[in-house]
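Subject: Structure for you to look over

Hello,

Here is the structure I promised to pass on. My notes follow below it.

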Protein chains: 2
Amino acid sequence: MLRILLLPLMALQWTVGVGSQPAEYVPATVPGACQADIAAARNYPDWKFSDNYELYRWMEDETFTYRTVFDAPRREAGQSVWFRAKGIDYECVIILNGQELARHEGALSPVNVCLDAALRDKGNELRVQIAPVPKRKGVKVGRDEASWCCKPPVSYGWDWHPRLIPSGIWDEASIEIRNAAWLEDVHLGYRLSDDFSRADIRTQVRTGGQADGACIRLTLRDRDGKEVFAASAAADQAIEGRLDAPRLWWTWDHGEPYLYSYELRLTTADGRLLDSRSGQTGFRRVRLVMNEGSWKRLKSRPMSRNDAPTQIELNGRPIFAKGSNWVAPEVFNGQITRERYQELIGLARKANFNIFRCWGGCAPGKDSFFEECDRAGILVWQEFPLSCNKYPDDPHYLAVLEQEARAMVERIRNHPCLALWCGGNELFNAWSRMDDQSLPLRLLNKVCYEMTPEIAFLPTSPLNGMAHGNYVFRDGGKVVHEWMDKASASAYTEFGVGGLSPRSVLERIIPADELFPPRRSKAWIAHHAYDAWDANRETWLCIGHIEYYYGKPSSLDELIELSSIMQGEGYKAIFEEARRQKPFCAMALNWDYNEPWPAAANNSILAYPAIEKGCFGDVAAACRPVCASAKFTRYQWGPGDELELGLWLLNDSYDSGGQTYSLRALLVAPDGKEQEIGRWTCDPLQPNRNARGPQLHATLPRWDGVRRFGIRVCVDGHPEMDSRYTLAYKAE
Amino acid sequence: MLRILLLPLMALQWTVGVGSQPAEYVPATVPGACQADIAAARNYPDWKFSDNYELYRWMEDETFTYRTVFDAPRREAGQSVWFRAKGIDYECVIILNGQELARHEGALSPVNVCLDAALRDKGNELRVQIAPVPKRKGVKVGRDEASWCCKPPVSYGWDWHPRLIPSGIWDEASIEIRNAAWLEDVHLGYRLSDDFSRADIRTQVRTGGQADGACIRLTLRDRDGKEVFAASAAADQAIEGRLDAPRLWWTWDHGEPYLYSYELRLTTADGRLLDSRSGQTGFRRVRLVMNEGSWKRLKSRPMSRNDAPTQIELNGRPIFAKGSNWVAPEVFNGQITRERYQELIGLARKANFNIFRCWGGCAPGKDSFFEECDRAGILVWQEFPLSCNKYPDDPHYLAVLEQEARAMVERIRNHPCLALWCGGNELFNAWSRMDDQSLPLRLLNKVCYEMTPEIAFLPTSPLNGMAHGNYVFRDGGKVVHEWMDKASASAYTEFGVGGLSPRSVLERIIPADELFPPRRSKAWIAHHAYDAWDANRETWLCIGHIEYYYGKPSSLDELIELSSIMQGEGYKAIFEEARRQKPFCAMALNWDYNEPWPAAANNSILAYPAIEKGCFGDVAAACRPVCASAKFTRYQWGPGDELELGLWLLNDSYDSGGQTYSLRALLVAPDGKEQEIGRWTCDPLQPNRNARGPQLHATLPRWDGVRRFGIRVCVDGHPEMDSRYTLAYKAE
């Protein structure tokens, strides 16, 4: 949502220093982070290289002070001057000309401070003092330190994130002139009729200042600029009206993410403009409904409850959610730009994703993230900033959480991409130890119910029926193909397979003489090739798994190739099997999309900042709306083995009805020669229904000196639906 | 909570008639029900006999009008006259002297109407018009008809309840004089310190009228009448203060249900009394915490969430909840008296119960129910009036539900017996089809969070980890002992075994010539001996099971005896096995306690109105705080079989620490001769921990012509802890 700048906003020059009375100020980038500014001024080496991020550690316990100097803007009678910041991380004091004007806790709620009480005509000194980062005392170093505050815990150290805790002015900040009344919030509410032929609009605003007698007017225009709706009301009332035949907003794979432009004007009774907002919005109904077949799952007594619903229904259509866990794409969240979001969201469409789960361990996206998702037609599952901790039933924590949650809901709820709210990550598991009675989650339910009752709320993920994990190709002697065959979840909302980053990334972060063979050096460890999640599993490089199937690689490039094959095959196995389990299964979201620094090895499919990893194409292939698929329950095969594969045509499309396809499965020998294993012509497809083909069998020949072979499934006349798999071969 | 009658309340004489302009009025009992009044006036036969309740069916679709005539009471300046009803079921219009003054929907929220606008000095005619009972159109006859309203669905017909839908003025109603301001609600809030040495009191009121400048004063007295706390505040503020060393309220089995008396006075600034409330309250902290061992239950990935907590912790002590599902003990709920509650709650203590689950299909108890539970030291799990239906996300329904829920919470929350709130019964199961996203349950969670955040809220029962059922001794070829051995729930919150009522009850409801042998006649069917739950299971008499184990009974008395043995043994098997599964298992609540009419056969342990059934003593024995227990995994045995039993000493007491007991198991032959099977001396008991003894074995001899034998477990020197079991014997 853009604020129309009817009134002059002053661009400010900021500096920042260490301490509450800094001896020295250095240039500051706003939005940004104090730590980045200080490091730049002191010429710190690239924090992404090796373990350089540890140089930043001392800054955690410092106070920082931002400073700017400005002359008071010219203003008319009835106008006032405000400092407005969309987000200051995490606790701050606002001081003008030595006078404390406000204190604020919480990075997600805006800071709005009237400056008039201390304003001079010339040379005003505004200081924003940032407290040391909050740390709960008496707990072990790491995410636990963030368990009594609303600061995203990931920056306290995670299995895929260095310990580097940013703070400071992380979103837009300005000095602005306000008229006698202004808009604090605009809620573009509506309700679609059951047949989607009509939107009953109900728009309400929250105002500041003296809005008695003021009016609001909402105008909607279609993409061609044609006005399709206009109505007015008193500012303390709702604008109500009806829009016939609204163009619906769809995800890109099910239609068009159609957006309307809106303008909301706040005026005096005699029509003088006081404030306005404009932007884009869309009309859609998105719900979570029970998964098909779910009610039939309980049979015998004693009987528990049925599972929680996870089926997304968009505009009346159940759709399969394919996507990824989104984490903030920069460690210094304040440095993220719209262009970064555009690039990453563009790649998500290339990956055939229609949803992001915005994971609760990180800060939520800026406004431009949601605007770009609206435009791209990608749904957003948005979590509140709780993850893997036991957040307390403490009154102060609950008060800050409510303030932060309300601010998040106000900021995001007008975006059609919003699919569901979630309290946070893995809170009902043993490593977090929250439960259904935890007050923070009951509070979030209440806030979401009050502010967006039409949007689903999950207290956490996973809930019963849903599943997280595994995160490695092989565990307890079993490979991903085997456990996915046994699993039967309503939604796979996290799963991962590790893989190396491309050479160009590795060269930026690992000293040249350590590049090959990889070893447990501090650079490889700091970049999560070893010991990141669990030392026993050698995560995330998992070199033992690579050597188990393919032997010792002879070069870095071969290692990267093999690691990429395994990551790609692992992800294909999970995404495709989750899709085969449709309609009961409704979601497949891998862990994770892109991480905020260059890892040597990790579960992501993009390497920082937005580089396609080897597996990217495999994931994109597995998520095509309509594609061939082969199901295997083993990964490694040998001479004489009877290879078995199940043939499928996966179909998430509603436009595919009635079509028939002919599929052929081919065994691809190591020398590239292909041999047909079987053929199948599917019955006419039903919309959004997979077609299941025959089980095919082939006896594998002896190939000497090779460790892999391939399977290809071709769709006659539709090469864009073909699929290929690389399997491991063991001759002895 | 009693309202101190500072001002005269007028006792009213009520009449009632059919229609909105009745041709004839008949005497009405208030509180009561229109249907009962009309039936009495028309000399209907006892509705409990045979299928006589069907005579009442026509009244469902009638309007009823209550009428009373009164002279206006004398009042002083500033006083007003009100009609106040604690509950009118279900929709009503209040008319004074022909003028409509108010409309109300919902039986659980009070009706308060100022009469001044239409009041005359003499001969005022007050009419209360009751709408026909609400029925959702277009659904099948039965509970579905109640799925869009807040009327308890049970009276629309249930497997243990006749279709008989009462309406009318079901709780106290009066004309009262009010001063300029009055108390609408008093919330006696407090928070106990972590060591329970201090209560931080925070009492707030909601006032009506003109309470500007008014004051409130709270006084607490101990049981000896000694004032222990007194503090005042402005009426729009909270009374805050500290009570040191409060005597805690405990369930009877863990301490004393200690109550304090309170008085809350509302006065003018110069001390003139405006209104007051007084009653009893207590101090306790009751929570639901995670079950012991629960966090360790998830092992492999993909991984779902851990189960919902069900462990009640009272004043810091995890306690095992033993009890029963409570349903309204009268079909005409308005006819219930304090004496009925006292009798039933007294019997619950005799049954060694410490909790009732007040099931959501019925109307909640009157105030005196909670007062008596406070006194008896019995916890209350209170549900909102939703059960086995899909209650809608409909704005009107949600508004009425919120009003009703808020009224329930205000009425109940000062009672120390309140243990937890629950949205209703079996709403997340296939026969109801609500889910985590259903707005009525999200709303109830919100209301409870706002009004009583310290009290747990379950959206429904069962949740994941909890279990309902089974309800028969034998199902799918397996007996209760077998499936309980396999089950592992955190809480068994419903389970039942059918059994016949005593002869005295049967003679009241079954025509004499149908008494024996029982048959599928309309009287037996109407009273739930056949076809009540599921025709295939012959519920609830289950004569097939009786004959399977014991052959055809030769008389009614023998049939009753055998049915009672099976009900008693079935209940012992479940209650004792649930206790053996402690500490992971935390609750055992049978379905049900007492039903609101005399059933021929059902799951209850009392027969209407409060008659101990044959199984009652068995249930009471299985729930003793400390008792011997034998675990069997079969019920029927034969000659030469190696009988196996597991010996246990069940212990829910915290006072038992360090004691040692010696147990002997005896085989009791059909002729009464006893033979010792084994002995065991337990290690010193730990508080609230069971002790598990050896598995004992005995080869059974051949006994001819008998169908049962016994096992007795004796505790040396403690005959009050002995247990005995009757098992089935099959010679051929």
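In chain A, 3 strands make an open sheet, ordered β14-β15-β18, with antiparallel pairing. Strands here are DSSP runs of E of at least two residues, helices are runs of H or I of at least four, and both are numbered from the N terminus. Two strands pair if DSSP finds at least two bridges between them. The model is predicted: local features need pLDDT of at least 70 and side-chain atom pairs pLDDT 80 or more, while totals for chains, interfaces and linings use all residues. Residues are numbered from 1 along each chain as its sequence is written, and chains are lettered from A and ligands numbered from 1 in the order in which they are written.

The edge strands of the sheet are β14 (181–192) and β18 (239–244) of chain A, each pairing on one side only. From one strand to the next, the twist averages 25°. Strands β14(A) and β15(A) (residues 198–209) run antiparallel and are joined by 11 bridges. A:Ala181 sits opposite A:Gly209 of β15(A).

The contact takes 42 residues from chain B and 41 residues from chain A. Contact means C-beta atoms, placed from the backbone, within 7 Å. On the side of chain B that touches chain A, α5, β28 (456–458) and β29 (466–468) of chain B each give two or more residues. The largest share, 7 residues, is from α5(B). That side of chain B holds 24 nonpolar, 10 polar and 8 charged residues. Of the interface residues of chain B, 98% are also interface residues in chain A, so the copies meet through the same surface.

How do the two α5 helices cross? The axes of α5(A) and α5(B), residues 439–451 in each chain, come within 9 Å and cross at roughly 120°. Axes are lines fitted to C-alpha atoms, for helices over the stretch in contact, with angles from 0 to 180 degrees between N-to-C directions. Residues of α5(A) including A:Leu443, A:Lys446 and A:Tyr449 meet residues of α5(B), among them B:Leu443, B:Lys446 and B:Glu450.

Best wishes

How values were computed: Contact = placed C-beta atoms within 7 Å. Nonpolar A, V, L, I, M, F, W, Y, C, P; charged D, E, K, R; others polar.
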